[in-house]
Amino acid sequence: MSCNRTETLLHAYFDNELDPGGAAEFERHLEQCPECVDALDALHRLRSSIGAAQLYQKAPGSLRRKVLPARTPWRWLAAAAALLLCVYTGWQIASSHRDDQTVLAEELVDAHLRSLQPGHLTDVVSSDQHTVKPWFAGKLDFSPPVRDFAADGFPLQGGRLEVVRGRASAALVYGRRKHLVSVFIWPMAAKDTDPRSGSLQGYQWVEWRHAGMEFCTVSDASRSELETLQALLAK
Amino acid sequence: MDPQEKARFERLVIPHLDAAFNLARWLLRSGVDAEDAAQEAMLRAYRFFSGFHGGDARAWLLQIVRNTCYGRLDRVKNMTEFDEELHGPSSPTPEALAIAGDNRERLALALRSLPPRYREVIVLRELEGCSYKEIATITSIPIGTVMSTLSRARAQLQMSLSEKAST
């Protein structure tokens, strides 16, 4: 007795080519047709031995090279461009390391981040400039300007000591809505400069020199807010 | 071809180079011929790429590969009739199968021995994982015929493998 489905439907079922209805119907047929069950089993064995034999022949490198020459100039150009980009990036990184400003900004952003750790924000907690300013006296060899700008939206929160470029410096902490701003101040015997700004790791910084001191503000507040504070501090 | 079209060719067709070579390799049963045929097919595909309007790029390419291979087989056949020396026996002898001890050799020999129309559906279905619809596109035969051809091809493959087992 031979089942007429072993030659057609069985293969479509085995190859997942039947629609769900057809597959269900064939499975009902399988329950009562040992011949189809055996044939299906044989197909599975055939497939697994074909799979195990790894008969797939991948294109050899020689063919790949022959087919791709049309691309060669492009590939070469792409490689050259990639190399150029590497060199340029390398140069950028190298030159950025030579850029004093960036090194300083990195140092100050790090200091600002450190200060955000619990208990590190302020050594002297006070919104009163007359408490904060004397606190620095005796700890620093210069007198940083300490003023509260609560009326302008920058309430003074306190101060702490920082070491910037290996020397003791003042850091004032201001609030700005939900943000905190560190203002680093250290003496700098140089003439006043206009503010310069930049961003690093998502933090903004504004730096300027004024009255024999260098100032740098760092915060995750917006650049324009830092510029507002800069204008207040430079007054 | 403009650069945009060229980029499209590289993105859609070039990735199927392995599939092209594999089909050619099994149809022509020679690595050297397959390399030539696959290269020729790629060149044709490149030339006729404007005629490809999206869809299954692999099936489109394999159709060209298949036509290229059959063209070559026909040319060889016309020139030399069928050269047993060049293309091996049309059916594996039990001795050859016995010598080809391990599974890979045994199966490769059995597959090589199938007639091309059977061999190609096995290669497309089992090695390339094509659907019946894709096989129908590549071989230009109706889906129903794909199913019955696969059925006969598998039966013949099973038979030539069991010949070995019974000796």
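Is Thr131(A) exposed, partly exposed or buried, and how many other C-beta atoms lie within 10 Å? The points below take up this question and then turn to other features of the complex.

1. The structure is a predicted model. In it, Thr131(A) belongs to helix H7 of chain A, which covers residues 129-136. This residue is partly exposed, because 15 other C-beta atoms lie within 10 Å, and a buried residue would need 20 or more.

2. Surroundings of Thr131(A). When neighbours within four places in sequence are left aside, Thr131(A) is in contact with Val124(A) and Ser126(A). Thr131(A) may also be compared with Gly159(A): the two are 28 residues apart in sequence, and their C-alpha atoms are 9.8 Å apart in space.

3. Backbone at Asn16(A). Asn16(A) sits in the loop between H1 and helix H2 (20-30) of chain A. Its phi is near 55°, a positive value in a residue other than glycine. Asn16(A) counts as exposed because 9 other C-beta atoms lie within 10 Å, where the limit for that class is 12 or fewer.

4. Backbone at Arg177(A). A positive phi in a residue other than glycine is also found at Arg177(A), where the value is near 50°. Arg177(A) lies in the loop that runs between strand S3 (167-176) and strand S4 (179-187) of chain A. With 9 C-beta neighbours inside 10 Å, Arg177(A) is therefore classed as exposed.

5. Contact between the chains. Chain A contributes 27 residues to the contact and chain B contributes 26 residues. On the side of chain A that touches chain B, the elements giving two or more residues are helix H1 (9-14), helix H3 (34-53) and helix H4 (61-67) of chain A. H3(A) supplies the largest share of that side, with eight residues. By class, the side of chain A that touches chain B comprises 13 nonpolar, six polar and eight charged residues.

6. Confidence in chain B. The average pLDDT of chain B is 86, and 84% of the residues score at least 70. Over residues 82-89 of chain B, however, the pLDDT is below 50. Beyond near neighbours in sequence, this stretch of chain B has six contacts in the model.

7. Confidence in the complex. For the complex, the predictor gives an ipTM of 0.84. The pTM given by the predictor is 0.56.

Terms used
Residues are numbered from 1 along each chain as its sequence is written. Chains are lettered from A and ligands numbered from 1 in the order in which they are written. This is a predicted model: local features need pLDDT of at least 70, side-chain atom pairs count only at pLDDT 80 or more; totals for chains, interfaces and linings use all residues. Two residues are in contact if their C-beta atoms, placed from the backbone, lie within 7 Å. Helices (H or I, at least four residues) and strands (E, at least two) are DSSP runs, numbered from the N terminus. Ala, Val, Leu, Ile, Met, Phe, Trp, Tyr, Cys and Pro count as nonpolar, Asp, Glu, Lys and Arg as charged, and the others, Gly among them, as polar. pLDDT is the predictor's confidence in each residue, from 0 to 100.
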